[in-house]
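Walk through this model with me.

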Amino acid sequence: MLKIALFPGSFDPLTNGHVSMIRKACTFVDQVYVGILNNPDKIPLFTVEQRVEMATKVFQGNSQVKVGSFEGLTVEYAKKIGASLLIRGLRNEQDYAMERDLALANRYLAPELETVFLVSDPDMSYVSSSSVKELWSHHILPVDFVPGEILDYFK
């Protein structure tokens, strides 16, 4: 039986930190789904379609990684794709506090799903989609923050 994990997020945009987490997850599961959340309450930098396209381009050739999008509850999407694990990345203590509460809520909604926390690489601990957007708002191309395959989306 395949061990399937879901790494959910807005990925607006996908960062090198996200890529690192996904690659780590590939070391202990058979399949990692990058679940790109369409959150109607947020104004994204990129459309859901663009974010799916970016992630697909980055992981092209890696048969362990699948990319999809969803709306609504993460646990419902996890059930739909047959995931037994939710992957969450931690950069710092603030991430842990927020992610712990989210994991407990998800456990309440779907006790069969386990959340696995992965700690970021030290050189990625400052990288976030928000920092990429901040750089971009000042017309700075986020070369060291995002995979090279998606830099054209900023041009």
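The paragraphs below cover the pocket, then the aromatic pairs.

The model is predicted: local features need pLDDT of at least 70, side-chain atom pairs count only at pLDDT 80 or more, and totals for chains, interfaces and linings use all residues. Residues are numbered from 1 along each chain as its sequence is written, and side-chain values use heavy atoms, with hydrogens and water left out.

Start with the largest pocket. A pocket is an open set of points on a 1 Å grid over the protein atoms alone, where a 1.4 Å probe fits, with protein on both sides within 12 Å along at least five of seven lines. This one holds about 1,000 Å³ of space, the volume being the space filled by probe spheres set on the points. Its lining (residues with an atom within 4 Å of a point) numbers 38 residues. Pro 8, Gly 9, Ser 10, Arg 88 and Glu 99 lie nearest the centre. Helix H4 gives the most to the lining, with 7 residues. Helices (H or I, at least four residues) and strands (E, at least two) are DSSP runs.

Now the rings. The whole structure has 7 aromatic pairs, meaning ring centres within 6.5 Å. Phe 7 and Phe 11 have ring centres 5.3 Å apart and planes at 70°, so they pair edge-to-face (over 60 degrees). Both Phe 7 and Phe 11 are buried (under 20% relative accessible area, 1.4 Å probe, protein chains only). Tyr 96 and Phe 117 also meet edge-to-face, with centres 5.9 Å apart and planes at 70°. That pair links distant parts of the chain: Tyr 96 sits in helix H4 and Phe 117 in strand S5, 21 residues apart.

Key
Rings of Phe, Tyr and Trp (its six-membered ring) pair if their centres lie within 6.5 Å; planes under 30 degrees apart count as stacked, over 60 as edge-to-face and the rest as tilted. Buried means under 20% relative accessible area, exposed over 50%, partly exposed in between (1.4 Å probe, protein chains only).
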